[in-house]
Amino acid sequence: MIEKYHGISPKSDLVLLQKLGERLAGKSFLHINSTRAGGGVAEILHRMIPIISELGIKARWEVIEGDELFFDITKKIHNSLQGKAESITGEMWDYHREVNRRNAAKLDLGADAVLIHDPQPIALVESKTPGKWLWRCHIDLSAPWEGIWEHLSRYCSKYDAAIFSVAKFAQAMHIDEFIIPPSIDPLSAKNREMTPQEIRDAVTKYGLPIDRPMILQVSRFDRFKDPVGVIEAFRLVRKYNDCVLVLAGSPATDDPEGETVLNEVRNYTDGDPDVFVLLLPAFSDEDINALQRAATVILQKSLKEGFGLTVSEAMWKGKPVIGGAVGGIPLQIMHGHNGFLVYSVEGAAFRVRQLLNDPSRAEAMGGKAREYIRNNFLITRQTRDYLSAWFAVENKGKNVLEL
Amino acid sequence: MTEPFDFKQCTTMLKSTGKRARNLRELRECITVIDEESMFHHTFQYFLKGHLLEYTNDFAHWAGESLEERALSERLSSIDPYEFDTMESLRKSILTVIDDYLKKFPEPRQAMAGDEFYFNQTLTLIFSSGIRARNLAECLMGIKYVDPTSIYYHFFEARMRLGADDFSTWIAGPLERKSLAEKIRAIDPFMHSLEEIRQHLYDTIETELKTEMKTPGGEL
């Protein structure tokens, strides 16, 4: 498995993985989350567990079980951590704790390091075993709803360390807090290399022209992704530049507003034959990959965003990305260097025009974008960071460690 | 036998202190209390982050980009952390610049929500790259091919440990080439990216080797 990343991931990441593996070989590393399929956490764990195992570490992945009520409560907790007003009653917290207790009784929690993902299984720490326990929060905690964090932090303080995706999501606590951004897997269907024929086939399958520059945004049909703003920007671009716009997204089962927004977007296109709104079936990873590779310029004009890993996915394909300056997007795009950050429809249109009219600059930017992702946002870096955090917790008090 | 040069490399991982500042006064208050590791990260480790070289430390960067206090950011950027013997004296110097500015402009801007200054520190993991140089020519090859974090570790981080970069220390010491070491010490650490530093090191050593290889009338 690891050898497949040779020539793709930075050599230093692979060397460090090997060194950490030598130190941690024979030890056990348990990951626990709440779903085996669906969502970015499960997606990355499927790929990461074999990598860790290959280093000689006994890696294990367990999933907690819960009923509909439990997941309704944890959805509310999730939304509330992201700033939405939610009422979570004492009974709800009790039920959350009770389900965690039942799972703790069923699961084998014995391991040298236990990494608990997100709030659903956070209360397992009450059944803490002698190993090192780390809580990994994948959620944007920059502005949590009043009171919610105070409740969760009672569990959090029982861990040996916490891990957040971005520094601004971290909270004031008395335990070590590591910042580990998420990552993409360059070998997955969504990111693997494709032949020109595969790309052409996918583009023609959706009836898209192959002989005109393509502006693309891949995202759910969600107002925070500003699809209407993207169409407005496209109209400004079209005054002087011949191109087409593709808005591609899959339906999200957990988003009841998706269909309403999709209809709004379709109405807003007003029958423009150069605007293509594609509702892709679930698991269209290969098609998304092909569309990104076929695009001339990629937009992620979000108004609110978590980390926004779709930006990394697009940049990995060597494309200049124009992104809204929100959430984790500024961590991926260095304005003017490997893409552009924008704050308005007009700003987005201006940057699209710049890139369409200066293909050599667009190509250079795309090249820098790919290298930036290679050095910072691939799965090998995230695996390396998880092992480093574990190793650091084992050597508490030291900020410089020689391997 | 000459003591070889062991190319090491390092990886850093961010750690949050949980502290944040929304304006210049809060930044000042936090700078007075943060620990030395956090001071080190926001000053000496600025070059690890691959920023465009508009500033020379995170405080200057934030003052310029988030608060848009350009004059302050220029003054903060002119602070050379290598001039100070202790982290405390560096801290004092930064506070003096901020205090001067606050006297002239007592009501500085607030940063936008989400654009506050977050105080971090780093966990650094050091490990051998497996490359060792026994002479200047091998050192040249090493510089050409090692990971950029190796250049960071030996050129920037070493100044904190030893007061000088590792390359010039080795060249002046075991290799006894003092004038070449001086040329390397003359490379401005603030004006170049890591790759530019690598190129400067390579060019300086290559020129020395070429000069030595030439016999009268020879040309390389």
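In this predicted model, 9 strands line up in an open sheet with mixed pairing, in the order β2(A)-β1(A)-β3(A)-β4(A)-β5(A)-β6(A)-β1(B)-β2(B)-β13(A). Here helices (H or I, at least four residues) and strands (E, at least two) are DSSP runs, numbered from the N terminus, and two strands pair if DSSP finds at least two bridges between them. At the edges sit β2 (58–63) and β13 of chain A, each pairing on one side only. From one strand to the next, the twist averages 25°. As background, strands of a sheet pair through backbone hydrogen bonds, either parallel or antiparallel.

Residues are numbered from 1 along each chain as its sequence is written, while chains are lettered from A and ligands numbered from 1 in the order in which they are written. Local features need pLDDT of at least 70 and side-chain atom pairs count only at pLDDT 80 or more, whereas totals for chains, interfaces and linings use all residues.

Now for the chain B part of the sheet. Strand β1 (residues 5–21) of chain B runs antiparallel to β2(B), and 14 bridges join the two. B:Lys8, for instance, stands opposite B:Ser128 in β2(B). Helix α7 (residues 148–162) of chain B packs on the sheet and touches β1 and β2 of chain B, its direction making about 80° with that of β1(B). Helix α2 (residues 36–43) of chain B also lies across β1 and β2 of chain B, running at about 75° to β2(B). These angles run from 0 to 180 degrees between N-to-C directions, with axes as lines fitted to C-alpha atoms, for helices over the stretch in contact.

A:Val400 has B:Thr124 as its bridge partner in β2(B).

How many residues does each chain bring to the contact? Chain A brings 27 and chain B brings 21, where contact means C-beta atoms, placed from the backbone, within 7 Å. On the chain A side, the elements giving two or more residues are α1 (11–24), β6 (176–179), α14 (379–394) and β13 (400–402). α1(A) gives the most, with 5 residues.

Chain A is divided by an automatic or database domain assignment into domain 1 (2–183 + 378–394) and domain 2 (196–376). Their C-alpha centres are 31 Å apart, and 9 residues of domain 1 are in contact with 10 residues of domain 2.

How values were computed
Contact = placed C-beta atoms within 7 Å.
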